[in-house]
Amino acid sequence: MELEPELLLQEARESVEAAQSYSRELSQRLQGLREARRQIKESASQTRDVLKQHFNDLKGTLAKLLDERLVTLLQEVDTIEQETIKPLDDCQKLIEHGVNTAEDLAQEGELAIRGGVGEQNEKLWSFTKKASHIQLDSLPEVPLLVDVPCLSAQLDDSILNIVKDHIFKHGTVASRPPVQIEELIEKPGGIIVRWCKVDDDFTAQDYRLQFRKCTSNHFEDVYVGSETEFIVLHIDPNVDYQFRVCARGDGRQEWSPWSVPQIGHSTLVPHEWTAGFEGYSLSSRRNIALRNDAESSGVLYSSAPTYFCGQTLTFRVETVGQPDRRDSIGVCAEKQNGYDSLQRDQAVCISTNGAVFVNGKEMTNQLPAVTSGSTVTFDIEAVTLGSTNNNEGGNFKLRVTISSNNREVVFDWLLDQSCGSLYFGCSFFYPGWKVLVF
């Protein structure tokens with residue numbers, strides 16, 4: 001049974017589309033293979049260069065150390081030789097002087113004897129008197145050969161076996177690093193980097209995370225520790241960054257090979273506090289606010305409504321001051337000047353004593369008190385939009401989760417109007433409080 005022309009044409013089109021899609025998929029896989037081949041080739045070339053450079057440096061260092069040791073030993077030989085030869089030289093000079101004196105005396109005596117007693121009586125008397133003043137029976141002591149140094153070199157040939165054993169075990173080549181970056185999550189002004197161990201036989205003691213702009217040639221350390229997650233701050237939006245991580249084995253000093261670099265970026269606008277607000281000093285990037293000792297009070301808001309539902313807003317308390325029950329850290333639908341705290345309508349917040357406020361009302365559930373190093377997070381999701389049939393005065397409902405010190409509270413927040421984005425804010429009544437937002 002033959003197909004109708006329209007159906008036949010449609011089937012042909014579908015076959016063409018399927019073939020094109022299949023071709024695209026295969027092309028993508030070919031590109032993946034090319035990238036995999038490039039990674040193997042480039043990493044192998046880099047590893048060869050590293051090995052050659054390392055062993056050349058090692059040979060140069062070993063040759064220098066051997067030369068220095070040889071010079072030291074030769075200097076020791078010179079010192080011993082000079083110190084022990086000097087007494088022998090002094091003894092030799094004494095003996096040579098004695099020999100010359102004795103020979104001169106003998107010649108003088110022979111001449112006196114030849115002259116006879118009568119003629120040379122005075123010469124014999126003078127010679128005898130002279131000879132009596134010379135100690136012809138005093139001989140200097142010459143050391144025995146067993147009492148003087150006999151230098152030698154003690155060289156332990158076993159050092160060659162020791163060095164050989166260490167050299168044969170020095171260095172390893174790994175086909176893949178023991179840790180890899182698992183996930184990059186964009187945050188306003190930052191990127192959360194998560195990594196994991198991929199070698200079950202490797203026991204990690206510490207991890208080391210580095211990053212750089214893709215336009216830079218230099219990686220810099222941003223974290224060293226035992227955690228497997230870290231947020232890298234001061235990330236410029238819409239700029240590509242490279243991240244890599246390595247690990248140090250338990251009880252080892254050297255670091256493992258670096259993971260395969262991963263590229264990430266953030267499209268989210270960084271959170272910033274409002275600048276120029278009396279009572280607070282801001283960092284250069286305006287993401288850290290410090291309550292100073294000015295007498296003025298009020299709520300320090302964000303410079304713009306940059307928090308959106310579905311995101312996680314995080315506050316980290318860097319330093320603390322004296323707490324007050326009116327202190328607040330939280331979010332609000334809009335800026336409202338004239339209030340000294342976010343404990344008001346159209347806002348949710350946590351006080352530094354751990355009390356939670358929703359639209360100005362304190363909840364029965366309470367979180368731990370905020371301390372130095374505490375992290376407070378807000379996760380807000382839209383539950384319903386539009387009118388509600390209740391008497392609580394709200395037209396829009398949001399589900400809010402506030403977490404602090406490993407505890408959390410969950411509640412519904414009713415707003416009078418729809419908010420596509422929210423402001424964040426804080427208020428402290430005493431100086432010393434410093435808060436980072438991201």
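Which side chains meet in a salt bridge at 2.3 Å, N to O? The side chains of Arg 399 and Asp 412 do. A salt bridge here is a side-chain nitrogen of Lys or Arg within 4 Å of a carboxyl oxygen of Asp or Glu. The pair links distant parts of the chain, 13 residues apart: Arg 399 lies in strand β17 (residues 396–404) and Asp 412 in strand β18 (residues 407–415). Strands (E, at least two residues) and helices (H or I, at least four) are DSSP runs, numbered from the N terminus.

The model is predicted: local features need pLDDT of at least 70, side-chain atom pairs count only at pLDDT 80 or more, and totals for chains, interfaces and linings use all residues. Residues are numbered from 1 along each chain as its sequence is written, and side-chain values use heavy atoms, without hydrogens and water.

The whole structure holds 15 salt bridges. Arg 38 and Glu 42 form one of them, at 3.3 Å, N to O. Both lie in helix α1 (residues 5–114), four residues apart, about one turn of the helix.

Strand β19 (residues 423–427) is mostly covered, with five of its five residues buried. Buried means under 20% relative accessible area, exposed over 50%, and partly exposed in between (1.4 Å probe, protein chains only). Tyr 423, Gly 425 and Ser 427 point one way, Phe 424 and Cys 426 the other. Strand β12 (residues 328–332) runs antiparallel to β19, joined by five bridges. Strand β10 (residues 300–301) also pairs with β19 in the antiparallel sense, over two bridges; pairing requires at least two DSSP bridges between strands. Cys 426 stands opposite Ile 329 and opposite Leu 300.
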